Amino acid sequence: MTAPAPSDLTQLFADLASAFGLSRAAGQCLAVIWRATDTPSAEDLATGLGLSRSNVSVALKELRQAGLVQVSRKPGLRRDFFTADPNPWALLRAGLAERHRREIAPLVDRLTALAHAEDDARLQDLAETAGAAAQWFPG
């Protein structure tokens, strides 16, 4: 049996994932987990999305580290199941916080260090402005 074609939502989440610094596979998994009425396991995700088990495992690790999914258990079963906050604002905040942690904060730190090393008022103003803007991000 072949895996069903990914839904439009799954494709959209895969495309959005890269904007948040995540892999396409992580986006696909998140779409399925977020919309699921019954919490899926890694095996369910691999089968449903047509992805390898190792690809799903790496994607789930990314999503857990980003705070986008949580692991849950079902009584009597030894496998992990995955849930995501159904609140779209919580999902967006977690995605923005991860993007900030991975990409924006290190760049602001580099800019701040350069501003301290240089005697240029404009560069120092830019570093202060970037630092203030970075405070807008959650996390």
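Me: Arg102 first. Is it buried, exposed or partly exposed?
Reply: Arg102 counts as partly exposed, at 28% relative accessibility. Keep in mind that this is a predicted model.

Me: What does Arg102 form a salt bridge with?
Reply: Glu98. The closest N and O atoms are 2.4 Å apart. Both residues lie in helix 5. They are four residues apart, about one turn of the helix.

Me: Which residues are in that network of salt bridges?
Reply: Glu98, Arg101 and Arg102, joined through shared partners. Glu98 also forms a salt bridge with Arg101. There the closest N and O atoms are 2.7 Å apart.

Me: And how far apart in helix 5 are Glu98 and Arg101?
Reply: Three residues, so about one helical turn separates them. Helix 5 covers residues 88–117.

Me: Glu98 itself, buried or exposed?
Reply: Buried. Its relative accessibility is 3%, and the cut-off for buried is under 20%. Arg101 is partly exposed, with a relative accessible area of 49%.

Me: How many salt bridges does the structure hold?
Reply: Seven. One of them pairs Asp38 with Lys74. The closest N and O atoms of that pair are 3.0 Å apart.

Me: Where do Asp38 and Lys74 sit?
Reply: In distant parts of the chain, 36 residues apart. Asp38 is in the loop between helix 2 (24–35) and helix 3 (42–49). Lys74 is in the loop between strand 1 (70–72) and strand 2 (81–83). Asp38 is exposed at 51% relative accessible area. Lys74 is partly exposed at 23%.

Me: Switching to the whole fold. What pattern does the protein follow along the sequence?
Reply: α-α-α-α-β-β-α-α. That comes to six helices and two strands. The protein is more spread out than a compact globule, because its radius of gyration is 19 Å, well over the 14 Å that the globule rule gives for 139 residues.

Me: What does the C-alpha trace span along its principal axes?
Reply: About 65 × 30 × 25 Å.

Me: How much of the protein counts as buried?
Reply: 34% of the 139 residues. The protein exposes about 8,800 Å². Carbon and sulfur atoms supply 56% of that area.

Me: Contacts next. What share join residues at least 24 apart?
Reply: 53%, among contacts between residues at least 6 apart in sequence.

Me: Last one. How far apart are the mean positions of the positive and negative charges?
Reply: 11 Å, for 15 positive and 16 negative charges.

Definitions and conventions
Residues numbered from 1 in each chain as written. Predicted model: local features only at pLDDT ≥ 70, side-chain atom pairs only at ≥ 80, totals over all residues. Heavy atoms only, no water. Rg over C-alpha atoms; globule rule 2.2 N^0.38 Å. Buried < 20%, exposed > 50% of the residue type's maximum accessible area, 1.4 Å probe, protein only. Contact = heavy atoms within 4.5 Å. Areas by Shrake-Rupley, 256 points an atom, 1.4 Å probe, with all protein chains shown as cover. Lys, Arg positive; Asp, Glu negative; His and termini not counted. Charge placed at Lys NZ, Arg CZ, Asp CG, Glu CD. Salt bridge = Lys/Arg side-chain N within 4 Å of Asp/Glu carboxyl O.
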